[in-house]
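I opened my notebook beside the model and jotted down what I looked up. Here are the entries, in the order I made them.

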Amino acid sequence: MFRWFESRLDPFPETRHGAPPQKLFAFAWHYAKDAAGWLALLSILTAMISAGEVVLFGFLGAIVDWLATADRAGFMDREGGKLVWMGALVLVGLPATVLLHSMVIPQVMLGNFPMSARWRMHRRLLGQSLSFFANEFA
């Protein structure tokens, strides 16, 4: 499972020809575009985890209200379906989402994403002449 996630993003990608863009966002996107799908997935997973936790805490408040105002005899008959759905969210939905989020960040992004940008920058510098470096340090 770890190997599958670790091999999703190439840490040593092919070099793009030409100079990187001069503008900040375009420069960052030049080096990040290979991971765009993974960045989008992380955004979605983070939003899902946040929404799940908000729903969970709202539901806990609703349970307190139900128990304070409802008669206890038919509580499970009336609210059992909602409790089952919330149990599924707490026992399956949130843990699965957090697990996937926790696999993507360290296995896909933290190792390969910075290395990919470093490799492209390194390859760009390898193609420069000696005068480029002499002029840079002058």
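Which residues does histidine 30 touch, not counting residues up to four places away in sequence? I found Arg16, Pro20 and Pro21, where contact means heavy atoms within 4.5 Å.

Before going on, I noted the ground rules. This is a predicted model, in which local features need pLDDT of at least 70 and side-chain atom pairs count only at pLDDT 80 or more, while totals for chains, interfaces and linings use all residues. Residues are numbered from 1 along each chain as its sequence is written, and side-chain values use heavy atoms, with hydrogens and water left out.

**Entry: helix H2.** I placed histidine 30 in helix H2; helices here are DSSP runs (H or I, at least four residues), numbered from the N terminus. Its relative accessible area is 12%, so histidine 30 is buried; buried means under 20%, exposed over 50% and partly exposed in between, with a 1.4 Å probe and protein chains only. H2 covers residues 24-32, and its buried residues are His30, Tyr31 and Ala32. I saw that the buried residues of H2 pack against H3 and H4.

**Entry: H3 against H4.** I then turned to helix H3 (residues 36-69) and helix H4 (residues 75-126), which pack at about 155 degrees with axes 9 Å apart. The axes are lines fitted to C-alpha atoms over the stretch in contact, and angles run from 0 to 180 degrees between N-to-C directions. H3 and H4 are therefore roughly antiparallel, a term for angles over 145 degrees. Their contact holds 25 nonpolar, 4 polar and 3 charged residues. For that tally, Ala, Val, Leu, Ile, Met, Phe, Trp, Tyr, Cys and Pro count as nonpolar, Asp, Glu, Lys and Arg as charged, and the others, Gly among them, as polar.

**Entry: the cores.** I looked up the largest nonpolar core and got 9 residues: Phe5, Leu9, Ala35, Trp38, Leu42, Met103, Val104, Val108 and Met109. Such a core is a set of buried Ala, Val, Leu, Ile, Met, Phe, Trp, Tyr and Cys residues joined through side-chain atoms within 4.5 Å. H4 gives the most to this core, with 4 residues. Another core, of 7 residues, lies apart from it and includes Leu56, Ile63, Phe75 and Leu94.

**Entry: proline 11.** My last stop was the loop between helix H1 (2-6) and H2, where proline 11 lies. Its C-alpha atom is separated by 7.9 Å from that of glycine 111, 100 residues apart along the chain. Leaving aside neighbours within four places in sequence, proline 11 is in contact with Asn112, Met115, Ser116 and Trp119.

Terms used. Helices (H or I, at least four residues) and strands (E, at least two) are DSSP runs, numbered from the N terminus. Angles under 35 degrees count as roughly parallel, over 145 as roughly antiparallel, 65 to 115 as roughly perpendicular and the rest as oblique.
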